[in-house]
Amino acid sequence: MIGKKVSLKPVSVLFAGILMFFGLLSLTACGSNTPDPKELYEDKCSACHGLGIVESAPYSSLEEWQAMVDRMQDKNRSFSDTEAKAIAEYLNENMK
Ligand code: HEC
C-alpha cells in the first residue's frame with residue numbers, strides 16, 4: 001500500500017510541471033508584441049461605429065487602407081502606430 005503512495009508522487013510532480021508549462025505559455029502569449037490583428041480590428045474599430053462601415057469601404061490597396069486607419073487613429077489615438085499598421089495590413093488582406 002505504501003508503494004502505491006510513492007508511485008503517485010512523480011505523477012503529481014509531472015502534473016504540476018505541465019500546469020506550470022501552460023501557465024508560462026499563456027503568460028508569453030499575453031505579453032506578445034504581435035496580437036491577433038483580427039481581434040485588434042474588431043476591438044479598436046468597433047469603438048465608435050459598427051464594423052459594417054469598414055466591410056463596405058471601397059479601399060483596395062494597402063496605402064489606401066493605411067491612410068484611412070491613420071485618419072481613424074487621429075480621432076482619439078486609442079491604438080498605437082504599430083497596431084494601426086497591423087490593422088491596415090489585416091484589412092488589405094481580408095476586405096476585398
Ligand atoms: C474615435 C472614434 C473612431 C474610431 C476608434 C474609429 N473610427 Fe472609423 N469613423 C469614425 C467617424 C466619426 C467616422 C465618420 C466620419 C469620417 O469619415 O471621418 C468614421 C468613418 C469610418 C469609415 C467610413 C469613412 C471612410 O473614411 O472610409 C471607415 C471605413 C472607418 N471609419 C473605419 C474605421 C476603422 C478600420 C477603424 C479602426 C482602425 C476605425 N474606423 C476606428 C470614428 C472612429
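The protein has 96 residues, and 9% of them are buried. It contains 5 helices and 0 strands. From the N terminus on, the order of elements is α-α-α-α-α. Contacts between residues at least 6 apart in sequence were examined as a group. Of these, 65% join residues at least 24 apart.

The mean pLDDT of the protein is 84. A value of 70 or more is reached by 65% of its residues. Helix H1, residues 2-30, has the lowest confidence, with a mean of 63. Helix H4 has the highest, at 98. Where pLDDT is low, the predicted coordinates should not be read in detail.

The next feature is helix packing. Two packed helices are described by the angle between their axes and the distance between the axes. Helix H2 spans residues 37-44, and helix H5 spans residues 81-94. These two helices pack at an angle of about 105°, and their axes lie 9 Å apart. Angles of 65 to 115 degrees count as roughly perpendicular, so H2 and H5 are roughly perpendicular to each other. On the H2 side, the contact is made by Pro37, Lys38, Leu40, Tyr41 and Lys44. On the H5 side, Glu83, Ala86, Ile87, Glu89, Tyr90 and Leu91 take part. By class, this contact of H2 with H5 has 7 nonpolar and 4 charged residues, and no polar ones.

Ile87 has 25 other C-beta atoms within 10 Å. The cut-off for a buried residue is 20 or more, so Ile87 is buried. Neighbours within four places in sequence are left aside here. Beyond them, Ile87 is in contact with Pro37, Leu40, Tyr41, Lys44, Cys45 and Val69. Ile87 and Glu42 are 45 residues apart along the chain, and their C-alpha atoms are separated by 9.4 Å.

Ala84 also lies in helix H5. Ala84 is buried, because 21 other C-beta atoms lie within 10 Å. With neighbours within four places in sequence left aside, Ala84 is in contact with Val69, Asp70, Gln73 and Phe79. The C-alpha atoms of Ala84 and Met72 are separated by 9.1 Å. These two residues are 12 apart along the chain.

The ligand is surrounded by 15 residues, and the closest are Cys45, Cys48, Ala57, Met72 and Lys75. Two elements give two or more residues to this shell: helix H3, residues 52-55, and helix H4, residues 62-76. H4 provides the largest share, 5 residues. By class, the shell has 10 nonpolar, 3 polar and 2 charged residues. Cys45, listed among the closest residues to the ligand, is also a contact partner of Ile87.

A last feature concerns the backbone. Most residues other than glycine have a negative phi, and most peptide bonds are trans. Arg77 has a positive phi, near 50°. Arg77 is found in the loop between H4 and H5. Is this residue buried or exposed? Arg77 is exposed, because 9 other C-beta atoms lie within 10 Å, and a count of 12 or fewer defines an exposed residue.

Conventions: Residues are numbered from 1 along each chain as its sequence is written. This is a predicted model: local features need pLDDT of at least 70, side-chain atom pairs count only at pLDDT 80 or more; totals for chains, interfaces and linings use all residues. A residue is near a molecule or strand if its C-beta atom, placed from the backbone, lies within 6 Å of it. Helices (H or I, at least four residues) and strands (E, at least two) are DSSP runs, numbered from the N terminus. Ala, Val, Leu, Ile, Met, Phe, Trp, Tyr, Cys and Pro count as nonpolar, Asp, Glu, Lys and Arg as charged, and the others, Gly among them, as polar. Axes are lines fitted to C-alpha atoms, for helices over the stretch in contact, and angles run from 0 to 180 degrees between N-to-C directions. Angles under 35 degrees count as roughly parallel, over 145 as roughly antiparallel, 65 to 115 as roughly perpendicular and the rest as oblique. Two residues are in contact if their C-beta atoms, placed from the backbone, lie within 7 Å. pLDDT is the predictor's confidence in each residue, from 0 to 100.
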